[in-house]
Amino acid sequence: VNEPLLAALREVVGPAHVLTEPDVRAGYEVDWTGRWRGSAEAVVRPGNVAEVAAVLGASAAAGVTVVPQGGNTGLVGGGVPRADAVSQIVLSLVRLDERGRVDGGAAQVSAGAGVTLTQLQAHAGAAGLMFAVDLTARQSATVGGMVATNAGGLHVLRYGSMRAQVVGIEAVLADGSVLSRMGGLVKDNSGYDLAGLLCGSEGTLAVVTGARLRLWPRPTHRVTALLGLADLPGALSVLSRLRSLDTLEAVEVMFDDGIELVCAHAQLAAPFSQPHPCVLVVECAGLDDPTNDLAGVLSGCPEVLDTAVASDSGGRQRLWSWREAHTEAVNALGIPHKLDVSLPAQRMAEFEGEVRALVTSVALGSRLVLWGHLGDGNLHVNVVGPPPDDESVDEAVLRLVADLGGSISAEHGIGVAKRRWLSLTRSSADVAVMTAVKRAFDPTGMLNPGVLLPAGR
Ligand code: S2G
Ligand code: ZN
């Protein structure tokens with residue numbers, strides 16, 4: 001144990017916020033799926049930006065590395081201690097949970113890195129506005145982690161990912177200096193887009209401590225439809241027609257085997273009187289009731305075999321329940337190999353067929369569950385069966401995705417999980433530039449080493 005470091009950290013944040021007991025640290029040291037874990041000298045919880053800077057200073061002086069952590073809902077091992085690191089601390093941002101006053105005139109709000117998505121959504125709602133990013137981990141996911149991973153979620157097709165919501169950012173650099181660009185200027189072309197660069201940087205360039213975020217008009221009408229279809233090609237043709245609706249906010253896809261698993265795990269009744277191979281969750285929202293517009297488009301879609309529609313909040317929640325329960329149902333089966341991939345629209349149907357055959361041949365007897373954000377060309381490929389350290393199925397699926405012109409990580413980021421396959425999606429020129437940027441921000445490699453960039457960068 002590095003007593004001088006612990007003493008210095010206690011000096012900065014107070015003894016109560018330097019957690020060293022193994023059972024107290026445990027929840028911070030393992031990821032949500034149980035696949036990624038490591039051991040930290042301590043979990044440190046600074047209460048403000050100055051303390052974050054001082055923690056980084058003490059860490060640099062002691063030569064330990066730092067794993068920044070928000071809500072610990074990440075899925076690629078990027079927010080928990082590395083399994084193979086010798087001296088590292090977890091820097092938890094949860095105490096930076098300040099919410100600024102909502103600026104209705106600019107439709108913006110400042111939020112600390114530790115503010116949860118649910119808290120932010122409620123804060124914006126109370127001011128009659130809406131924060132646009134929504135994802136199933138909303139109770140725990142925090143603003144800082146969502147910025148660091150450029151989180152996507154359920155509304156990307158209408159509002160974009162987290163980067164599109166970030167107007168400004170506050171972050172502490174490895175040398176303890178503070179980058180503060182929270183003024184909320186919508187137009188500021190005075191040089192490199194540092195806020196945009198830190199979105200998706202996964203804790204490797206700086207520690208995000210706050211963000212200035214865009215808010216949107218809060219729709220007064222919302223309608224959800226569950227659609228039963230025969231296959232993915234049918235779902236894709238319905239999607240193309242749905243895109244004519246300017247109120248379209250979500251088009252999520254599920255398959256019958258995933259729905260069956262979810263019904264068993266979450267004790268849910270089946271969504272329709274008979275199972276359908278492919279099911280879409282479609283949601284439209286606006287300042288007028290979009291139900292008739294949606295019904296109009298669907299009436300022109302012969303591919304739709306079954307429909308359930310709701311516009312009241314309880315009814316909508318019920319129609320979302322099968323989609324929202326996928327992650328937990330898969331986690332309950334065992335430690336999943338989670339591949340979060342995106343495909344060009346015209347390759348999506350081909351990919352579905354090939355990935356099912358591929359997983360059967362590479363990991364016979366394993367369980368494959370597919371679901372995702374069809375509107376973004378993003379599928380979550382989850383395989384339960386192979387032990388965590390047997391990554392043959394991960395490699396096979398990611399190579400198939402790359403062959404079809406897709407990305408090995410659509411929204412979850414690279415983290416530790418996908419690092420070895422970065423070159424499938426990024427050119428050597430990309431990696432060289434990203435490495436140069438990393439070196440410029442974090443010359444000693446103190447910030448989240450082992451994440452995103454190839455070893456030794
Ligand atoms: C989703 C959540 C995490 C997972 O359901 O949209 O991004 O299980 C996922 O892949
Ligand atoms: Zn997702």
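This note sets out points on the sheets, cores and ligand surroundings of a predicted model.

1. Conventions. Residues are numbered from 1 along each chain as its sequence is written, while chains are lettered from A and ligands numbered from 1 in the order in which they are written. In this predicted model, local features need pLDDT of at least 70, side-chain atom pairs count only at pLDDT 80 or more, totals for chains, interfaces and linings use all residues, and side-chain values use heavy atoms, with hydrogens and water left out.

2. Five bridges join E3 to E4 (residues 88-92) in the parallel sense, and Val 67 stands opposite Val 90 in E4. Contact here means heavy atoms within 4.5 Å; axes are lines fitted to C-alpha atoms, for helices over the stretch in contact, with angles from 0 to 180 degrees between N-to-C directions.

3. Seven-stranded sheet. A further open sheet is antiparallel and runs E14-E11-E13-E12-E16-E17-E15. Strands E14 (306-310) and E15 (336-342) form its edges, and the twist averages 15° from one strand to the next. E12 (residues 248-255) pairs with E13 (residues 278-286) over seven bridges; Phe 255 has Cys 278 in E13 as its bridge partner. Helix H10 (residues 291-299) lies across E11 (221-229) and E13, at about 20° to E11.

4. Nonpolar cores. The largest core comprises 53 residues, and Leu 242, Leu 280, Phe 351, Leu 374 and Val 381 have the most contacts inside it (a core is a set of buried Ala, Val, Leu, Ile, Met, Phe, Trp, Tyr and Cys residues joined through side-chain atoms within 4.5 Å; buried means under 20% relative accessible area with a 1.4 Å probe, protein chains only). Helix H8 (residues 232-242) gives the most to this core, with six residues.

5. Ligand 1. The residues surrounding ligand 1 include Arg 323, His 373, His 380 and His 412 (a heavy atom within 4 Å). Oxygen atoms of the ligand lie 2.7 Å from a polar side-chain atom of Lys 338, 3.1 Å from one of Trp 371 and 2.9 Å from a side-chain N or O atom of Glu 411.

Technical notes:
Pairing = 2+ DSSP bridges. Helix = DSSP H or I, 4+ residues; strand = E, 2+ residues; numbered from the N terminus. Buried < 20%, exposed > 50% of the residue type's maximum accessible area, 1.4 Å probe, protein only. Polar contact = N/O pair within 3.5 Å; in protein donor to acceptor, adjacent residues only side chain to side chain.
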